[in-house]
Every structure is written in C-alpha cells, then in structure tokens.
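User: I would like to learn how to read a structure like this one, feature by feature. Could you take me through a few examples?

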2 protein chains.
Amino acid sequence: MNDFRLIKTCSKARAGELTTPHGVVLTPVLCPVGTQGSVKTLVPQEIKELGMRMILANTYHLYLRPGIPTIEKLGGLHKFMGWNGAILTDSGGYQLFSLSRLCQVSDDGVIFRSHIDGSQHTITPELAIHYQESLGADITMVLDECIAHDERRERVWAAMVRTHQWAERCLKSHKRQRQALYAIVQGGIFPDLRKQSAEFLTSLKFDGYAIGGLSIGEPKSVTFDITEQTAALLPSDKPRYLMGVGSPEDVVECVARGIDIFDCALPTRVARNGALYTRKGRVDIENAVFSQQETPIDTDCCCYTCQNFSAAYLHHLFRSKELLAYRLATIHNLAFMSSLVKSIRSAILNGTFDKFRQEFLSAYQPTDEQTRISQKQKWLETRQKESQD
Amino acid sequence: MNDFRLIKTCSKARAGELTTPHGVVLTPVLCPVGTQGSVKTLVPQEIKELGMRMILANTYHLYLRPGIPTIEKLGGLHKFMGWNGAILTDSGGYQLFSLSRLCQVSDDGVIFRSHIDGSQHTITPELAIHYQESLGADITMVLDECIAHDERRERVWAAMVRTHQWAERCLKSHKRQRQALYAIVQGGIFPDLRKQSAEFLTSLKFDGYAIGGLSIGEPKSVTFDITEQTAALLPSDKPRYLMGVGSPEDVVECVARGIDIFDCALPTRVARNGALYTRKGRVDIENAVFSQQETPIDTDCCCYTCQNFSAAYLHHLFRSKELLAYRLATIHNLAFMSSLVKSIRSAILNGTFDKFRQEFLSAYQPTDEQTRISQKQKWLETRQKESQD
C-alpha cells in the first residue's frame, strides 16, 4: 500500500508516484501543514480543491491536545478532521527540541514538559511509532534527536548515533505495515556524518528516507549542498523527503537536487502575515501600493482569491485584521505552491526541468534576509495568539 | 426598486417581501453583520448558501478604513466585497456614540476622533447620506444621536428632537431614489417620547422605519414593551427594523411584536467565543462535555459544520485556538438563525406563529445573565485583536 514508483528523472530531478492507503500522491509534492489537525483557516474540501493530496500533522501537538486516545476513539485522524487524502505525521522530534522544555534526553527516550501547561511527559521511539499508528497516519516518521545547527561536531555525532539506535527500535516496533515508516538522516552540516547516517539507515528496510536537521538557521548554500550530497546517497527507488522546506525557490532548488517530498509551514504562515507569493517573488499586501489596486494580487492566478477579489480588498482586510484575510491569503499561497509543484512535475516529465528552473529563478526574487527576519519576528509575536505550526 | 409588500400577518407578526436593487428579501429577516465589508471568516458565496440575502455594513468603519472614496473608486461596496445581495448600511450614529471619542455634538453634526488613530473628523446628516449613497447601499439610514439607556428624560428628549431635525435634513439630501432611506425612531424608554418620535417621523416620507436606542443595557422587558408600543405606531405598509437585535429568543419575541428586519453582531460574535446555538439554547463548545462527542453539535442541523464535523473536533479547534474554529462556528450560528427566521416566516404564512413561538420559547433556554456578562467581557478583551463589530 505504500509503493513508490519513479517515473522519470531529468538531471537529478525526479517525478514519481506514491501510493498510500488514502490515494495516490504525485511527486514532487509539498505537504501543507495541519499541525493540530487543521490546515489553518481551511476546510478539507478546499485543501483538496487546491490540488493537495497529502498533508502533514504533528504527533507532538496532537498527543498533548486533544490526546491520541481521543483521536483514536473518534475513528483516527482522517475521520476526526474530515480529510480523506494522505497524512504524513512527524514523530515529534523537532517539536521536542524547539517547543517543549526538555527535561532529560537519554538513550531510552525523552522526558519533556508540555509547552501548553508544563505537565511532564515521556516519549520513546516505541511510543512515537505507537502514537502515529494510532492516529492512522499513512506515512510515519522515526523519532530523532534534533539539535541546533551550530552545535559542535561531537554533539552532532552523538545525536546522530542516538537517532540511529532509535531508528532501529522504531523499525522493530512498527506493526501496521499499511502505514509506511521513514527514517531520518541526520549529521548536521558535516558531509562525512551525513554519509555515515545515510549508509547506516539505508542498510535497514525503511519505506522512505527523510533528511532532517536542515533549514534551521544554517546558510542557504549549506542547506543546498548537504541536501544534494545526502540525496545522492539514498536509494533511487525510495521516496526522499526534505523536512521543513520550503519556500518556492527552495522547493525548485531542492527538487533539482533529487528531493520528492517537502513539508513546510511557510506558505500558510507567511500568508497570515500578509506575504503573498507571485511569480516575481513575495509581496507584502499591507503595503500602501495595493490600497487602490482593482486587479487581483496576481492576474495570472486561477485561485479562488484572485478570481474573486481585488488586491485592494485584501489590503483592506489585512489592515482591518479581518479573519477572512488569513483565509484568502492562505488559499492564494497554497494555490501558488500547488501550481508550482505541478509545473515542476510537468517540466520533469517533458525533460525541460533545467530550463524551467532557470526561468523560474531568474523571475523570482527571493525574499531578502531583512524581510525574512522581520516576518519571523512578527510570527513569533503572534504564535502565542494563534498556536504554533 | 425599494418596495415592501406585506403578505400576511398572524397576530402582530408579519411576513413580507422587500424588493431591493440587489434582489428580493423575504421578511422577517436577520442581517448578519459585515462591519468592515466582511462577514467575519466567511466568503460571500457561503453567506448566500446560508440563505442570507441582506447584510449590514458599517458606514463609520468603512469611512475610516479604507475610506469612502476608495470603495467608490473600486466600484462600490457590493463589488468591493464581492457580495451581490442587498446591503443595509447604518449611518454611524451608534458607533460615534459607542466607539469614537466624541469631541462635539451640535445641531450641525458631530466632530469626533477616530478610534483607530485619533484623527479628527466631522460628520453631518448630509455627509452621512452622501457616504451611504457612495457606498451603493440598498438601504441607508438617517444619522441619529445615540445616548445611553439610562439618561434622564430631558437629555433623551433633546437627542430625539435633534434626531428629528437631522432626519429632515437627511431626507432633503437623499438623492438616489434607487436607494431606500429609513428613519430611526428614538425616545429612549419613555413611551410618550417614542410616540412623539414615531408621529413626527411617519409624517415624513421615508421608505421604512427603524427603532433605535434599544437593547443597549435596559431590562429586556423594557426592550420588548417599547418595541411593541413603537411598532404599533408605524405604518403597516412600510418595513420596520429593530436595530441591534438579536438573539434567537429576541428575534422570536420581536417578530411577535411586529418587527420585520433585524441586524445583530451576536450570532457571529458569540460564535467566535465558542457559544453555539441549539434548539435548547446556547452551548459552550469549550466545555469538557464535548471533548469526546462523536456526533455534531446539533444532530438536527443541516449546516456544513454539523454535516461534516463532530462536536469533539470543534471542541479541539476552539481549545487549540485554531482559526478554522471561528469559521465553522460562524457557519453554524448563521445557519441556525437562517433556519429560525425561515421557520418563523412559514409559521406566519400558515397562521401558526403563536404556537411556533410558544414551542420555541419553551424549548429554548435563554442565556443567563452571568454567562451573557462573562461573554461580553471575553469579547471586550478580544475586540482589539479582532477589530470590532
């Protein structure tokens, strides 16, 4: 039920087909993020209409609230949230590192405090698998130990070794074969550690391979280099998943380096901050330049938002902090990503991906560092209000 | 273009048909509130699918942001917000009193400071009409002087006299006859002043008559008594509009007293606080009792929310502060109000309204005062975050 079929390659870029218990997912694919069992502001029908066939949900968040037994009792995550497409769950490794207060990480597992109420919990590799299986995820992930991008080598090495031990335990406790289990390659920014990690994990029988611990603060050239080197070490007949990436430009660049699956909160999160994607780059809809614009944000865009509303109206909704603003912006950014990924796939199938990549990147102005930082700041300020993803 | 046809009465309750430049509106009708040109969380298509044919928008808010000239330039309010049903605009009288910082109220008009940025503005009866006509409203309202419910009689009298003078000036400056103009009866809680106001205003040629200055803190029995007495003084061939009411029970009670049109932020506002309407009364979806409920909030409800999601999922979304919560709750409450008003109309047409009223009110538990106050408090706390309506 979890077959991956590589259909075509174009240089290193790959077009494939991933069969899951909840339908076929064409790759490359970007999974929108439904951290707490909801892709923020949207109903499942809209997500499907946006062309999305797989979403990401978060074991850490769902474990804390409403609790795994509740979701299981209510028929599993698909039924609970009314989504009949595929669901990929992360194990919680990254949230344990970024959100919770860690009490103790040992070979056995992690003792942590909830970011919601401070209560103490324990997670082990076995429990991480058990929780994801109980949720009914189509693709589950091993528990990994995440650390900061600028840790020294010995620390990175130790976390990698622990991630390997945990991966073996996850594989052993993985019972429901309908649900795929992916390993996570770690090793930070050290090519030799990445190689060691990829070799170890590919010697075990996982359904797919993720690259973890990237895009967490390191320079972008490093992200790209490590992605390229690591992807090259992974078996060509298994899906490759780059965790937590990406922006439009990063998706194009990392498809070019051999990645099949992406998940990222960026398109939906920046949407709620008024940053909308266009072929020329991100625009800030709150900018006064849009206050009188009768045409939509992007006249070439077929999304519901652009087909029905002027940029001026969106500008007004954002300035007025109307809740509809966040929904219309989310629709637009996901439609942009959906269309981008579809174009990428067509280009790979047509053997014209290199040309597509070049044209896309020459038109698309990447977000400058300052905007990136100020929007990250804005997000940090609102994350308490909105709940994280 | 703004004809009202009274089709049937049942005791004092009336069923009618209001023809506007943007379609026929069956009465009784409750207008959802789109204060700033958006019924919070919903797109126009959804509002229509909920059976709504007329919404209320707010001249005061739209004047301050994005500004009347902007909306006019963009083709008027209908085009701006993508709504092709009818729009009723209030003149801003109530918001001047409740939101802005009043600087000076004189016979000429009102000088006030914006609640957004403190900037100073002037509004006169003539400008209030001009703004509403520029917005392209189907029904416009005279500028009235609003005061607190517990003002002494002389003050109420003076505001009423000024409201009358302003009404005459509004009528004189009312140019676009396709757009209806309604007067607002004032006079506080004093039956003789209400009588004086109704007599004066009905001696002028308005398209409809509103009852203002109620449901702003006075006891509910007073709201009902004044509504009944005032409605009885209004011409039977013109629509009667009770401003700022109401809750499900208030709508039933005031239809029984001869009201045709209602507008109220309550159904949408309480929805965003997790208070959902059922035939038995309002329930608080955040209550632990819903945490495991597999069935929807209301098993008899045909709304999108109840047809697709369990109460447990809604409970989870609210507890997690997911933005989708507010949208799904808004849909449910508006569907409830839409269905209620439809049932009321059927009962009037069938001559069974008195029975309907009795049955509805015996099943529906009105919200107790304490819940009302604590939810008002919750709303006040969030109003800065969300922007007012």
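User: Which residues is A:Leu26 in contact with, leaving aside its neighbours within four places in sequence?

Analyst: Two residues are in contact if their C-beta atoms, placed from the backbone, lie within 7 Å. By that rule A:Leu26, leaving aside neighbours within four places in sequence, is in contact with A:Glu17 and A:Arg345. A:Leu26 is found in strand E3 (residues 23-27) of chain A, where helices (H or I, at least four residues) and strands (E, at least two) are DSSP runs numbered from the N terminus. This is a predicted model, in which local features need pLDDT of at least 70 and side-chain atom pairs count only at pLDDT 80 or more, while totals for chains, interfaces and linings use all residues. Residues are numbered from 1 along each chain as its sequence is written, and chains are lettered from A and ligands numbered from 1 in the order in which they are written.

User: Is A:Leu26 exposed, partly exposed or buried?

Analyst: A residue is buried if 20 or more other C-beta atoms, placed from the backbone, lie within 10 Å of its own, exposed if 12 or fewer, and partly exposed in between. A:Leu26 counts as partly exposed because it has 17 C-beta neighbours inside 10 Å. B:Cys146, by contrast, is buried, with 21 other C-beta atoms within 10 Å.

User: Where is B:Cys146 placed, and which residues does B:Cys146 touch?

Analyst: B:Cys146 sits in the loop between strand E10 (139-141) and helix H7 (153-173) of chain B. Not counting residues up to four places away in sequence, B:Cys146 touches B:Gly93, B:Tyr94, B:Phe97, B:Gly212 and B:Gly213. B:Phe97 and B:Cys146 are 49 residues apart in sequence, yet their C-alpha atoms are 6.0 Å apart in space.

User: How should I read the sides of a helix, and which residues of H8(B) are buried?

Analyst: An α-helix has 3.6 residues a turn, so residues three or four places apart point the same way. In H8(B) the buried residues are B:Leu193, B:Arg194, B:Ser197, B:Ala198 and B:Leu201. They cover an arc of only 135° around the axis, which puts them on the same side of H8(B); the arc is that of the directions from the helix axis to the C-beta atoms. The face of H8(B) turned away from that buried side carries the exposed residues B:Asp192 and B:Glu199. The buried residues themselves pack against H7, strand E11 (180-185), strand E12 (208-211) and helix H9 (220-232) of chain B.

User: How are the two copies related?

Analyst: Two copies of a chain are related by a rotation about an axis and a shift along it. Here chain B can be laid on chain A with an RMSD of 0.0 Å by a turn of 180° and a shift of 0.0 Å along the axis, after least-squares superposition on the C-alpha atoms of residues with pLDDT of at least 70 in both copies. The two copies are therefore related as by a two-fold rotation axis. The same surface serves both copies, since 97% of the contact residues of chain B recur in chain A.

User: How many residues of chain B are in contact with chain A, and which helix gives the most?

Analyst: In this model, 35 residues of chain B are in contact with 34 residues of chain A. Helix H3 (68-73), helix H4 (77-81), helix H13 (311-319) and helix H14 (323-350) of chain B each supply at least two residues of the side that touches chain A, and H13(B) gives the most, with five residues.
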